[in-house]
Amino acid sequence: MSKELVDALDALEAERGIEREIVIAALEDALRAAYKKQYNAEQNVEAVFDIKKGNVAIKQVKNVVLDDDFENEDTEISLTDALVINRAYEAGDEIRFDVTPKDFGRMAAQAAKQVIVQKMREAGREAIYNKFADYQDEIITGEVDRQDARFLYMTLPGNQEAAMAPNDQMPNERYRMGDRIKVLVNKVENNAKGPQIFVSRTAPDLVKRLFEQEVPEVYDGTVEIMNISREAGDRSKIAVYTHDTDLDPVGAMVGQRGARVQAVVNELGGENMDIVEWVEDEAQYIANALNPSEVADVIFNPENERAVTVIVPDNQLSLAIGKKGQNARLAARLTGFKIDIKSESEAANNLSNQSSLKNESGE
């Protein structure tokens with residue numbers, strides 16, 4: 001090896017950000033292992049890289065031991081023999097002997113090439129991981145590439161592959177090769193196979209990021225998205241809030257003639273959006289969450305602080321529950337309450353029955 005290797009190490013550090021000391025340490029480890037494998041696996045050796053000349057020397061390390069304790073000539077030297085070398089040596093010292101083979105230069109050059117290639121590969125993987133780790137929980141546009149039984153694969157900017165699991169794919173969408181779609185980067189891993197990037201079209205945060213792109217008040221924090229409950233591809237409920245008393249947070253999300261919310265709906269293949277106002281009053285918040293139905297009363301369960309009975313007008317019962325219970329289910333997820341919905345007539349009958357039972361019991 002020569003100064004060319006030193007120049008290569010300098011270039012790696014400048015262009016790829018790979019610290020020279022890391023490459024040298026890896027090179028020394030590789031050469032030490034190569035020497036022990038080819039020459040003497042029992043020896044205790046070190047590989048020492050001369051950064052000025054670009055050369056490598058193999059040093060055999062021996063421990064100085066008392067003559068009576070001497071057992072292994074590969075790793076030990078007797079005190080008597082050590083004193084011949086230098087009368088300052090004592091038991092417990094280490095002595096290094098140069099055992100660099102004459103033909104070691106070719107082996108060292110090959111090892112250096114392998115180490116540098118490996119470090120460049122690792123640095124490339126690390127750079128990709130760091131880049132996409134910064135994109136985690138953010139929207140990115142990718143191109144559909146292929147699909148197998150496990151994943152839908154996409155190509156992201158920089159020609160990086162990402163995978164979308166079946167539960168992250170919209171049930172109302174069919175993906176074709178070449179389709180460009182927006183996805184949420186929901187997980188970035190760095191393992192032996194390199195960076196693994198996973199994306200989603202069903203994550204609630206995708207809805208949040210899309211509104212951040214469409215609504216300046218959400219992007220700058222004037223309007224806060226407090227919570228989202230979502231059945232991807234069908235319907236989402238979004239609770240919003242603002243500290244600005246002069247601003248209607250729901251109106252800001254909808255936009256003039258519904259332009260803002262419609263842009264999000266279009267991006268999600270027609271998924272319906274119910275936008276409701278978040279308020280501190282839990283009863284009012286629950287009533288808002290059941291939009292578009294009207295709510296007559298919200299009764300909290302004294303035995304369960306996270307359960308309520310909601311009373312709605314008779315003609316609003318099916319609307320409040322929703323198709324297959326969807327409206328009530330999404331409202332419950334949005335608010336964190338277990339919601340039992342009853343019509344006014346049903347509630348009145350229950351009250352009447354309870355009164356009759358009390359009268360019959362003489363209470």
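Student: Is the crossing of helix 9 and helix 11 left-handed or right-handed?

Tutor: This is a predicted model, with residues numbered from 1 along each chain as its sequence is written; local features need pLDDT of at least 70 and side-chain atom pairs pLDDT 80 or more, while totals for chains, interfaces and linings use all residues. The axes of helix 9 (residues 282–289) and helix 11 (residues 326–335) come within 9 Å and cross at roughly 145 degrees, with axes fitted to C-alpha atoms over the stretch in contact and angles from 0 to 180 degrees between N-to-C directions. A crossing is right-handed if the near helix is turned clockwise from the far one by less than a right angle, left-handed if anticlockwise. Here the crossing is right-handed.

Student: Which strands are the edge strands of the open sheet of three strands?

Tutor: The strand order is 10-11-12, with mixed pairing; strands pair if DSSP finds at least two bridges between them. Strand 10 and strand 11 (residues 235–242) are antiparallel over eight bridges, and Ile228 stands opposite Ile238 in strand 11. Those that pair on one side only are strand 10 (223–231) and strand 12 (272–277).

Student: At about what angle to strand 10 does helix 11 run?

Tutor: Helix 5 (residues 204–214) lies across strand 10, strand 11 and strand 12, at about 140 degrees to strand 10. Helix 11 also lies across these strands, and its angle to strand 10 is about 135 degrees.

Student: Why does helix 5 count as oblique to helix 8?

Tutor: The two axes are 9 Å apart, with helix 8 spanning residues 259–267. Angles under 35 degrees count as roughly parallel, over 145 as roughly antiparallel, 65 to 115 as roughly perpendicular and the rest as oblique. Helix 5 is oblique to helix 8 because the angle between them is about 135 degrees.

How values were computed:
Side-chain values use heavy atoms; hydrogens and water are left out. Helices (H or I, at least four residues) and strands (E, at least two) are DSSP runs, numbered from the N terminus. Contact means heavy atoms within 4.5 Å.
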